[in-house]
Amino acid sequence: MQGVLTGFAVIAVVIAVGWAIGRRGHLGEHGREVLTKLAFHVASPALLFTTLARTDLSVIFSSRLLVTALSTAAAAGVFVAVGAVRRWGVGRTTIGALCSSYVNSGNLGIPIAVYVLGDASLVAPVLLFQLVGVTPVALTILDLSGGGAKGPLWRRLLTPLRNPIALGSLVGVAVSAAGLRVPAPVMDPLTLIGGMSVPAVLLAFGISLCGSTMPGRGPDRQPVFLSVALKSVGQPAAAWALAAGVFGLRGAPLLDVVVTSALPAAQNLYTYASRYGVGERLARDAILLSTLLSVPVLVAIAALLG
């Protein structure tokens, strides 16, 4: 239980600092936008490159990754289907689908993997799958559904290569796959810059809460509640059913995949929503509510399967 509580405590403190900064206006009226752009264009690409460049890609070939991929697709697919029927729009539905299935595998997943599962590397397959598979696809959809969708076909097909986060991820994977060793004079500054990513995202999220209304109200109420239900209950339930019923996982492997699937929506989803100017309140409310609900959910899973 210590890992669950420690991970959430760290996130809560940094978000609270962001809220206090926003309330006192220390960063001015554009502080949130600056932090968001810093994270999206500079810090997050550096973090993803340095993380993936050092990762053993062999971890992706496992039944645990298949469970993660299928449970992610299930949760996101349900939201997309409902969004299409309710005509919530491509951008808004994309953000909602991400909030329903994209777990906080970094700043929360790592400490929980260490303290609850006993091995930080267990979160690596989830991190790789989301960074290399989900993120480029989702950001490409957001690019093509907005103002960036104009222009010749060849330019639109190269959209993932123009997105800094997707580009950082893909280059990191290429470096790891090629077995290259990045010289310290190059890697060290990138590591230092990448260290700003998580704090910048959490501080921007905290600033966004300043003066905001209670979550789950307004025009985004239905997509918020749907995404939170899918993220907090639907995805871990799907992961458990697939892991135990289809792949025959038991014991620690079963606990690993269910715990990682029950992690809340990642804070960087709010960065994406802000960057593209779509579904910002949906992302903010869904992240906040899923983070709160994931505490009892993770405790219950650890008690039942641990």
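This is a predicted model: local features need pLDDT of at least 70, side-chain atom pairs count only at pLDDT 80 or more; totals for chains, interfaces and linings use all residues.
View 1. The structure holds four aromatic pairs, and in one of them the ring centres of Phe-40 and Tyr-276 are 6.2 Å apart with their planes at 85°, so the two rings meet edge-to-face. This pair links distant parts of the chain, since Phe-40 belongs to helix H2 (residues 31–53) and Tyr-276 to helix H14 (residues 268–276), 236 residues apart. Phe-40 is at 1% relative accessibility and therefore also counts as buried. Ring pairs join Phe-40, Tyr-276 and Tyr-272 into a cluster, and the charged end of Arg-275 sits over the ring of Tyr-276, 5.2 Å from its centre.

**View 2. The ring pair of Phe-205 and Tyr-270.** The centres of these two rings lie 5.9 Å apart and their planes stand at 80°, so this pair is edge-to-face. Phe-205 comes from helix H11 (residues 197–209) and Tyr-270 from helix H14, 65 residues apart, and the pair links distant parts of the chain. Phe-205 counts as buried because its relative accessibility is 1%, and Tyr-270 counts as buried because its value is 5%.

**View 3. The nonpolar cores.** The largest nonpolar core has 58 residues, and those with the most contacts inside it are Ile-95, Leu-98, Tyr-102, Val-259, Leu-269, Tyr-272 and Leu-298. Helix H6 (residues 124–145) gives the largest share of this core, eight residues. Another core, of eight residues, lies apart from it and includes Ala-39, Ala-200, Val-201 and Ile-207.

**View 4. Ser-227 and the residues around it.** Ser-227 lies in helix H12, which covers residues 221–246, and at 0% relative accessibility this serine counts as buried. Leaving aside neighbours within four places in sequence, Ser-227 is in contact with Phe-79, Gly-96, Cys-99, Ser-100, Leu-282 and Ala-286.

**View 5. The length and bend of helix H15.** Helix H15 has 26 residues (280–305), and at 1.5 Å a residue these should span 38 Å, which agrees with the 35 Å between its end C-alpha atoms. The helix H15 bends by about 35° at Ser-294, and a proline, Pro-296, follows within four residues of that position.

Definitions and conventions. Residues are numbered from 1 along each chain as its sequence is written. Side-chain values use heavy atoms; hydrogens and water are left out. Helices (H or I, at least four residues) and strands (E, at least two) are DSSP runs, numbered from the N terminus. The expected span of a helix is 1.5 Å times one less than its number of residues. The bend at a residue is the angle between axes fitted to the seven residues ending there and the seven starting there. Buried means under 20% relative accessible area, exposed over 50%, partly exposed in between (1.4 Å probe, protein chains only). Contact means heavy atoms within 4.5 Å. A nonpolar core is a set of buried Ala, Val, Leu, Ile, Met, Phe, Trp, Tyr and Cys residues joined through side-chain atoms within 4.5 Å. Rings of Phe, Tyr and Trp (its six-membered ring) pair if their centres lie within 6.5 Å; planes under 30 degrees apart count as stacked, over 60 as edge-to-face and the rest as tilted. A charge sits over a ring if NZ of Lys or CZ of Arg is within 6 Å of the ring centre and within 35 degrees of the ring normal.
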